[in-house]
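Thanks for coming. I have a few minutes on one structure, so let me put it on the screen and go through it chain by chain.

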Amino acid sequence: MVLNLKSINMKTNYLFPYRLKKISGIIFLISFIVLTLLYFLDGFEKFPIKTKVFAIVADYGLLGETKNFGWIEDSVTDEILVILTIVFGIIFAFSKEKYEDEMVTSVRLHSLVWATIINYALIVLSYMFIYGMPFLTVMSAIMFSQLLIFIILFRYNIYKLNKAGTDEE
Amino acid sequence: MKNNIKVQRAIHNFTQQDLADKIGVSRQTINAMEKGKYVPSTALALKLSQLFKISVNEIFELEAED
């Protein structure tokens with residue numbers, strides 16, 4: 001029986017193609033930085049992009065009315081940035097490596113498990129020690145923290161692997 | 001788990017990169033396997049066995065902690 005030894009590459013068809021990695025990484029990084037800066041500098045009000053949006057639920061604070069399943073006027077600066085960050089963050093995090101093989105799959109799983117544990121540890125700590133309005137900032141950060149921690153851990157582990165691989169032949 | 005991939009590689013006069021190309025993994029994976037940091041899947045172990053023309057048992061060996 002003759003097998004093609006090269007076809008060992010795992011058929012991981014749930015990952016995005018490698019060619020999207022660089023461009024999605026750049027868009028993710030830029031939109032994440034802009035989002036963070038605007039959030040802390042109250043930039044969403046300074047650079048509004050007013051438009052009509054469809055709201056399933058909309059509630060304008062204490063004095064405003066509640067509107068369900070209707071069109072409302074709102075600034076979509078933050079919506080655009082959040083969508084860009086999440087969509088391109090997911091593509092960057094879950095696209096194939098240049099040399100995708102079973103060890104990369106194992107490193108990816110390992111990083112994902114640790115990212116989940118670290119993220120929930122941070123959530124528990126924030127929940128225990130942060131109260132009042134600052135907790136809103138924590139809630140906003142939680143939207144991206146697991147993805148961000150995973151990306152950092154995975155990139156670091158792949159970097160360590162590549163570095164260990166170059167020191168001997 | 002112990003393995004003698006490095007020895008087999010020397011016998012066949014392959015570099016890590018040669019072996020990596022032949023079985024379709026990265027050189028880093030070969031390096032990690034030789035150092036015992038990564039235990040390959042059954043499929044990959046069988047590919048090594050076929051390439052080196054020896055049985056899997058002659059390449060890999062269980063240790064006490066396994």
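Please keep in mind that this is a predicted model. I start on the surface of chain A. A nonpolar patch there is formed by A:Leu109, A:Val113, A:Trp114, A:Ile117, A:Ile118, A:Leu122, A:Val124, A:Leu125, A:Met128 and A:Phe129. Together these residues have about 960 Å² of accessible area.

Take one of them, A:Leu122. It sits in helix H4 of chain A, which covers residues 102-129.

A:Glu100 is placed between helix H3 (77-93) and H4 of chain A. Is A:Glu100 buried or exposed? Its relative accessibility is 11%, and the limit for buried is under 20%, so A:Glu100 counts as buried.

What does the side chain of A:Glu100 contact? One partner is the side chain of A:Arg108, in a polar contact at 3.0 Å. The side chain of A:Glu100 also reaches the backbone nitrogen of A:Glu97, at 2.9 Å. Further off in sequence there is A:Tyr18, 82 residues away from A:Glu100 along the chain. The C-alpha atoms of that pair are separated by 9.0 Å.

Now chain B. Its secondary structure consists of 5 helices and 2 strands. Read from the N terminus, the order is β-α-α-α-α-α-β.

On overall dimensions, the C-alpha trace of chain B spans about 30 × 25 × 20 Å along its principal axes. A compact globule of 66 residues would have a radius of gyration near 11 Å, and chain B has 11 Å, so the two agree.

Of the 66 residues in chain B, 47% count as buried. The chain exposes about 3,500 Å², with carbon and sulfur atoms supplying 52% of that. Counting contacts in chain B between residues at least 6 apart in sequence, 54% join residues at least 24 apart.

Last, one helix of chain B. How many residues of helix H3 (residues 27-34) of chain B are buried? The count is 8 of its 8 residues.

Note on methods:
Residues numbered from 1 in each chain as written. Chains lettered and ligands numbered in written order. Predicted model: local features only at pLDDT ≥ 70, side-chain atom pairs only at ≥ 80, totals over all residues. Heavy atoms only, no water. Patch = residues over 30% accessible without salt bridge, like charges linked within 9 Å, V, L, I, M, F, W, Y side chains within 5 Å. Areas by Shrake-Rupley, 256 points an atom, 1.4 Å probe, with all protein chains shown as cover. Salt bridge = Lys/Arg side-chain N within 4 Å of Asp/Glu carboxyl O. Helix = DSSP H or I, 4+ residues; strand = E, 2+ residues; numbered from the N terminus. Rg over C-alpha atoms; globule rule 2.2 N^0.38 Å. Buried < 20%, exposed > 50% of the residue type's maximum accessible area, 1.4 Å probe, protein only. Contact = heavy atoms within 4.5 Å. Polar contact = N/O pair within 3.5 Å; in protein donor to acceptor, adjacent residues only side chain to side chain.
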